[in-house]
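Colleague: I am new to this structure. Please walk me through how to read it.

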Amino acid sequence: MSASIVVTGLGTVGAYGSGAESLRKALASSELPVLSEIDRSAGYHLSQAPRKAFLVDPALLREWVPAGEARRMSPPSRFAVATARMALRCAGWSAGLPDELTGVVISTAFGPASYSEGLLKQILLEGPESASPMLFMESVANAPAAQIAIACRARGPSVTICQREAGALLAVGQAAADVAAGRVPRALAGGLDEMTPLLHSLLDRFGALARNSGPDGAEISRPLDRRRAGCLASEGATLLLLESDGSAIERGASPLARVAAWGSAFDPTAPAVGWGTGHAGLARSLRRSLERAGIPLERIDRIVTGASGSRSGDRVEALLLKEAWGEKPLPPVLAPKSVIGEYGGGFLGAAVLAAGGAPFGPTFGFEELDPELGIVPHDGSPLAPPSTVLVTSVAAGGAVSWLVLEAP
Amino acid sequence: MNHKAVSRRVAVSGVGAVSGLGWGIGPLWEGLRAGRTAIRPFERFDNTAHRTHLAAEAADGDVNGLANDPRWQRLLSLADRFAVFAAAEALAMAGLASLEDSEAGVFFGSSTGGMFESERFFNEFLRGRWRSAKLRDLASQQVNAPGDAVARWFGVSGPVRTISSACSSGALALGAALDAVRSGEVDVAVAGGSDSLCQLTYAGFNALRSVDEGPCRPFRAGREGMSFGEGSAVLILEPLEQVLARGAEPLAEFVGAGSACDAHHMTAPEPSGAGAAAAMEAALRDAGMPAGEVGFVNAHGTGTPLNDAAEWQALQRVFGERAGEIPLTATKALLGHLLGSSGSIEAVATVLCLRHEELHPVPTCSEGATVDPELPVSLVLDRPLPLPGVKAAVSTSLAFGGSNAALVFSRWTDS
């Protein structure tokens, strides 16, 4: 690896809207985030289950994926192609890429959930000969990556990573490694997911979602708060365009952030559907990774955590950060998932905007320090633009990933 | 710069497998040498209403005492169990008793994870029989579950990454593991894949009419499609010097990996074979090896008319006039298509062939006994082909969505 890697394009879609400006406004706001009613008509939900999620307005995609093209795609594929085109436009390639060598590395936690559900219904309820070829070919996890490749003529490596909440940062790391090694001149990388009623109801049955935890029964998530009781589910996508610093300079592109390091670790004490107690080992891995990359902890002046309001997940993430920093004080900690939700890539977009110095509002939902975690996330007061941002994400099941982004 | 500025040579120090030929490398190699297909009527699920009725099912077998561990049945899906068994066998062969104090990582491919068990849940849940649907059937449903299960079982605390790029998942995971060992990110990589038979993929591929009603016949005249298999394969990758330093003998050297996308169609391969050829060329470039040094090819060879034709085009692009002469096998004719695990079990088969200096055959079958004259490959039939002194081999994986991957292994010699 030799080349320095920069982010020159950002495409994003979520409940906050489409494009980086929509996400920037949502992150700066101190308003109650916009949530949509989840369709409960199928009867999947328990009576006390949460009723809301961060959902994408399909109208937002029409500008980017015409109806004739969209009809051959699952919702995640539409998110993928739309955000890939946004990222390319943002990077200055509205008219198309100069060659067909671009790589695609994306992550999804759950794959094309609505098409998988439809296919399972056909097979299990109507009989296997009812299975639709269209549903099948768009139900595979790598269908969105393939649709990006087709839409953008990207003939470099096409890789889909499935590692739950840790996936998006892993995807950016793998793509950065590919560009740095000279295997591809550039790569589209990021994360995406859709949130269906079935998936929403199952996440609730596993105890993952916040239920009526705000005033007047409002559904809010409380990252790092003592009373946190779950996350708010979301859908959407964020894709980044990565290229070498030299390539960006040569064509006069303006980097949004620099990818300085990436890494990952695993907590073998974690159960398959929860979090473990191995934060000390994770902290050692994080420190070792930063040392190898030549980044002293003191240089990190902002942390963007994946804390989502999950009781156990936030605990692991907070304790690993505290353990890594030891006696030293943590830099300001941003926890944006209470306004953008869990899943769908918005977190990755927030991290890139944070590295670019975007203002963040007070951490929505945080009211009371959890003495065990000992972290008070950002209160909305003005912060100097950061130079080095650590981004962390702790997945259910044990995987943990991180990225270090530097200001452009 | 993210990791140590090194590029280390990488050895395969252990392999493990579960397949339709049995649990373990012993039955796998014995069956491969004999050219004995494991594709037959199966009982994993009731397939009477499906269009086809064959698969290479991994029957219950000797699991070396693992089945006595209480975690085995309670916490692991079938795909997880395949993966843990294969990893245990591979680690034992490598002489690695524990990974808890190692800088180890897990790099896995899977297509459907614990979908077989999940179908039990959804069969109840989607009918509104909420109380009969057991959440525990979903506990290991995730695609990342087999790789995570391996990491959990062996106490791995380094990177764990699951790739789900359909039929190239296992090969792409091996490529990621190669990078991680070369760069110094890990000192031991447990790399492979796992998938079990399930109705979702069985009915899905049948819906595409890409499944042969008989055992698949890669590169044969009259071939009509693929056959399914299930199982797992794991390769232990380590820096060559580390293996030699503890007095172990490498099984092979893993010298290159490459991938490229067709960007053509969701299910049909690009007919000119350009994408598959680009993956092979990238792998050979990564290995620093001219195509002329490749002694045999373990082809993706699904047996679908379009895939085999595109692969033949790709072979001609890479090997030129040698394309029709280079010995070729297609492991799927014996094990069926293991989907997300196919790239890893075919990598294991390739390593075993290099080590034994002979190429495993595919069986002559009553229908389509002759090689398709339009695709005149040198398919090894019925008896293993001795390849004394063979230097290197390529294994290819060409997936749904045009995701192509190729791996290059070289035979280990202490000279």
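**Reading the fold**

Modeller: Start with contacts. In chain A, among contacts between residues at least 6 apart in sequence, 79% join residues at least 24 apart. Two residues are in contact if their C-beta atoms, placed from the backbone, lie within 7 Å. This is a predicted model: local features need pLDDT of at least 70, side-chain atom pairs count only at pLDDT 80 or more, and totals for chains, interfaces and linings use all residues. Residues are numbered from 1 along each chain as its sequence is written, and chains are lettered from A in the order in which they are written.

Colleague: How many helices and strands are there in chain A?

Modeller: Chain A has 13 helices and 13 strands. Both are DSSP runs numbered from the N terminus: helices are H or I, at least four residues, and strands are E, at least two.

Colleague: What share of the residues of chain A count as buried?

Modeller: A residue is buried if 20 or more other C-beta atoms lie within 10 Å of its own, exposed if 12 or fewer, and partly exposed in between. Of the 408 residues in chain A, 64% are buried.

Colleague: Which residues of helix α1 of chain A are buried?

Modeller: In α1 (residues 20-28) they are A:A20, A:L23, A:A26 and A:L27. Seen down the axis of α1(A), they fall within an arc of 125°, so they line one face of the helix. The arc is that of the directions from the helix axis to the C-beta atoms. These residues pack against β1 (5-14), α3 (75-90), α12 (337-340) and α13 (346-355) of chain A.

Colleague: And how do I read a strand?

Modeller: In a regular strand the side chains alternate between the two faces of the sheet. Take β7 (residues 186-193) of chain A: eight of its eight residues are buried. On one side are A:R186, A:L188, A:G190 and A:L192; on the other are A:A187, A:A189, A:G191 and A:D193.

Colleague: Which strands pair with β7(A)?

Modeller: Two strands pair if DSSP finds at least two bridges between them. β5 (residues 103-107) of chain A pairs with β7(A) in the parallel sense over five bridges. There, A:S107 stands opposite A:G191. β8 (residues 236-244) of chain A pairs with β7(A) in the antiparallel sense, over eight bridges. A:L240 in β8(A) is the bridge partner of A:A189.

Colleague: How many residues does each chain give to the contact between chains A and B?

Modeller: Chain A gives 58 residues and chain B gives 60. On the side of chain A that touches chain B, the largest share, six residues, comes from α4(A).
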